[in-house]
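Here is a short tour of the model you have open. Please keep the structure in view as you read.

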Amino acid sequence: MNGLLIYEYKEIERNQSFIDRLIQAAKTHGHSLTVIDDNQTEFPDCDFIFFRARNPELSKKLEQRGVPMFNRSEVNVIANDKWKAIQLVQMLGIATVPTYKINDVQDIRDYPVVLKTTGGHGGMQVEKFTEAQDADVFLNDFSSQTIIAQAYVETNATDVRVFMLGSEVIGAVKRIGAPNSFKSNFTLGGTVEKYELSTTQEADVIKIAKAIKSDYVGIDFLLLPDGRWLFNELEDPVGARSYYQTTQSDIAIPIMNYIDEQLKKYIERKA
């Protein structure tokens with residue numbers, strides 16, 4: 001079957017190694033993948049779509065073709081809106097970082113506080129503030145975007161990212177931020193190590209994945225010093241550098257195994 005692999009243009013070069021491995025893994029199942037950036041105005045016919053861009057509008061448009069798409073558009077919508085993701089997980093009864101929307105610096109309830117745009121990613125457009133004056137600068141800089149405030153939770157800049165394929169956990173990493181940073185992002189200089197989920201933690205992430213009917217996502221939790229965790233964000237698309245760093249395994253292989261399995265089920269239903 002012929003598939004489209006959709007990426008943001010600026011991400012194609014940065015992810016070329018992963019893209020090459022996906023293409024090779026697809027070939028082992030008799031599938032092809034054509035890489036296309038999401039700025040294109042026309043997309044060729046295909047049998048399935050692997051959507052790896054942060055572009056909910058395009059995701060919804062392509063989903064109307066009626067071919068299998070990994071992930072479905074609603075996952076892209078929720079994962080790229082931090083406020084929607086928080087609300088969803090709260091509805092599932094899973095503990096989250098205390099979060100509220102703000103329009104003005106006077107809406108901030110307490111300091112220190114972490115401010116984020118709802119559409120930021122990779123540790124960008126997120127900062128910690130201890131004073132209203134500095135927080136006001138952030139609000140002005142991103143006045144055209146929706147901003148959320150989160151109570152600052154001391155975690156020693158540590159969080160857990162869980163990689164999910166469908167409702168199965170395929171790995172988890174503990175990320176520890178660079179010195180003097182409250183951000184735990186691996187791409188910002190943090191360190192990573194393999195992390196084993198408890199039974200309760202595994203139940204949490206499976207509940208989230210089933211609720212959003214996702215295919216391949218990352219689910220991030222702040223890890224508290226006492227071992228408890230608080231949901232923080234969903235990632236679609238999710239990067240896998242930290243997975244490879246801790247496992248030395250090529251995640252492209254299980255991803256394409258999963259997609260092939262779902263395509264076979266799709267063909268059976270259509271028969």
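In strand E7, Lys128 is the bridge partner of Val114. That bridge belongs to an antiparallel pairing of E6 with strand E7 (residues 126-129), made over 4 bridges. Two strands count as paired when DSSP finds at least two bridges between them. Helices (H or I, at least four residues) and strands (E, at least two) are DSSP runs, numbered from the N terminus.

This is a predicted model: local features need pLDDT of at least 70, side-chain atom pairs count only at pLDDT 80 or more, and totals for chains, interfaces and linings use all residues. Residues are numbered from 1 along each chain as its sequence is written, and side-chain values use heavy atoms, with hydrogens and water left out.

Strand E6 also pairs with strand E8 (residues 147-151), in the antiparallel sense over 5 bridges. Here Thr117 has Ile147 in E8 as its bridge partner. How enclosed is strand E6? Of its 5 residues (113-117), 5 are buried, so the strand is largely enclosed by the rest of the structure. Buried means under 20% relative accessible area, exposed over 50%, and partly exposed in between (1.4 Å probe, protein chains only). Both faces of E6 are covered, with Val113, Leu115 and Thr117 buried on one side and Val114 and Lys116 buried on the other.

Now for another sheet. Its 4 strands are ordered E2-E1-E3-E4, with parallel pairing, and the sheet is open. Strand E2 (32-37) and strand E4 (69-70) are the edge strands, each pairing on one side only. Within the sheet, Leu5 stands opposite Phe50 in E3. Helix H3 (residues 56-63) packs on this sheet and touches E1, E3 and E4 (heavy atoms within 4.5 Å). The direction of H3 makes about 175 degrees with that of E3; axes are lines fitted to C-alpha atoms, for helices over the stretch in contact, and angles run from 0 to 180 degrees between N-to-C directions.

| Strands | Sense | Bridges |
|---|---|---|
| E1 (residues 2-7) and E3 (residues 48-52) | parallel | 5 bridges |
| E6 and E7 (residues 126-129) | antiparallel | 4 bridges |
| E6 and E8 (residues 147-151) | antiparallel | 5 bridges |

Stepping back, the protein has 9 helices and 13 strands. Buried residues make up 52% of its 271 residues. Along its principal axes, the C-alpha trace spans about 60 × 40 × 35 Å. Of the contacts between residues at least 6 apart in sequence, 61% join residues at least 24 apart.
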